[in-house]
Amino acid sequence: MLAGIYQILQTPFDDDGAIDWASFANQIEYSLSAGAHGLVAPALASEFFTLSDSERRAVVEFCSEAIAGRVPFVVGVQGLTGPIALEFAQQACECDATALMAMPPYLRKASKPDLREYYRALAQFDRPLIIQNAPAPIGTPLSPRELVDLLAAEDNILYIKEETNPILQHIGEIIALDQGACAGVFGGANGTYLIDELKRGACGNMPAGGLVDAQVKIYNLYRGGRIQEAESLSHRLLPLLNFATVYGVSFHKYVMWRRGILGSPQVRDPQKISLNADDISAIEGLWHLVADYTIELYPFV
């Protein structure tokens, strides 16, 4: 069973915009040192839509070799069409992916029959398949009933990553509607609602960026029955997560750059919101709230 904090890996770029493989390796080691229960790439937070097809394949191959089976590795295989997604899925399996994750086709939205065929085809591989229910404009939001019906239709469709609002209500509805086909529901949204997701039955969360050490602690405290401690740390983390909600990958890469995990905070996303001097000053001022809950190997300096 997949459960816990499954860190979505950013795609690190150098100042010229090329993939920085040394920083990629460092990020993987940071995530594992922080106690991440699994790793995910390439997904939305990985800026997969800015990668060429050959870069996507190179990322999967690199991550598989660097992770080396130490934790489960989930590969994002979404494609503009079903045949394209199948090519990514085949390569992911050849690279020993633990599980596959796919949004519905993006850019041009699939009809309901085509969507069922898309997931039926991806379910042919001997791997658990996770449906990523991401919000528009990139995602094609599916209702809890539609998700549960897809789970029931194919044995290998086992998990949901729920990211459409209201996230918490949707997690509860999926679990209530499920007739035994769902092995678990992961939350997203930077882990902002982690405690409440767990209370409503989620199996874990897929966050991104340089706060995973604190988020792993929250999850482990909660699962260990230390609910008040988990909630206290969650409240300390929330002001930083508010910045993550607004600035997304720009925030995540800045934090990892400041912690020495990435060599550059470079972002490829053409619609990124860049941090300005006031944003940076605020983030720097808030770091003390969580500094004691992050691993010493990567301080915020």
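This is a predicted model: local features need pLDDT of at least 70, side-chain atom pairs count only at pLDDT 80 or more; totals for chains, interfaces and linings use all residues.

Visitor: Okay, the core then. Which residues touch the most other members of the largest nonpolar core?

Guide: The largest nonpolar core holds 84 residues, and the ones that touch the most other members are C63, V77, L100, Y119 and F251. Helix α9, which covers residues 227-247, supplies the largest share of this core, namely 8 residues.

Visitor: Let's do helices. How do α5 and α6 cross?

Guide: Two packed helices are described by the angle between their axes and the distance between the axes. For helix α5 (residues 144-153) and helix α6 (residues 167-177), the axes come within 9 Å and the crossing angle is roughly 40°, which means that α5 is oblique to α6. The crossing in which α5 passes α6 is right-handed.

Visitor: Which residues meet there?

Guide: From α5 there are P144, R145, L147 and V148, and they meet H170, E173, I174 and L177 of α6. Sorted by class, the residues of this contact between α5 and α6 are 5 nonpolar, 1 polar and 2 charged.

Visitor: What about L151, buried or exposed?

Guide: L151, which is found in helix α5, has a relative accessible area of 1%, and it counts as buried because that value is under the 20% cut-off. Leaving aside neighbours within four places in sequence, L151 is in contact with I157, L158, Y159, I160, A181 and C182. As for Y118, it is 33 residues from L151 in sequence, and the two C-alpha atoms are 13 Å apart in space.

Visitor: Now the other pair. How do α9 and α11 pack?

Guide: Their axes are 9 Å apart, and α9 and α11 pack at an angle of about 150°. That angle is over 145 degrees, so α9 is roughly antiparallel to α11. The crossing of these two helices, α9 and α11, is left-handed. The contact is made by P239, L240, F243 and Y247 on the α9 side and by D279, A282, I283 and L286 on the α11 side. By class, the contact of α9 with α11 has 7 nonpolar residues, no polar ones and 1 charged residue.

Visitor: Which residues other than glycine have a positive phi?

Guide: D96 is one of them, with phi near 65°, and L107 has a positive value too, near 75°. D96 lies in the loop between α3 (82-94) and β4 (99-102), while L107 is found in the loop between β4 and α4 (112-122).

Visitor: Are those two buried or exposed?

Guide: D96 is exposed, with a relative accessible area of 59%, and L107 counts as exposed at 68% relative accessibility.

Visitor: Last one, R259. Where is it, and what does it touch?

Guide: R259 is in the loop between α10 (249-258) and α11 (277-286), and with a relative accessible area of 3% R259 is buried. Not counting residues up to four places away in sequence, R259 touches Y30, G210, D213, W287 and T294, together with I295, Y298, P299 and F300.

Terms used. Residues are numbered from 1 along each chain as its sequence is written. Side-chain values use heavy atoms; hydrogens and water are left out. A nonpolar core is a set of buried Ala, Val, Leu, Ile, Met, Phe, Trp, Tyr and Cys residues joined through side-chain atoms within 4.5 Å. Buried means under 20% relative accessible area, exposed over 50%, partly exposed in between (1.4 Å probe, protein chains only). Helices (H or I, at least four residues) and strands (E, at least two) are DSSP runs, numbered from the N terminus. Axes are lines fitted to C-alpha atoms, for helices over the stretch in contact, and angles run from 0 to 180 degrees between N-to-C directions. Angles under 35 degrees count as roughly parallel, over 145 as roughly antiparallel, 65 to 115 as roughly perpendicular and the rest as oblique. A crossing is left-handed if the near helix is turned anticlockwise from the far one by less than a right angle, and right-handed if clockwise. Contact means heavy atoms within 4.5 Å. Ala, Val, Leu, Ile, Met, Phe, Trp, Tyr, Cys and Pro count as nonpolar, Asp, Glu, Lys and Arg as charged, and the others, Gly among them, as polar.
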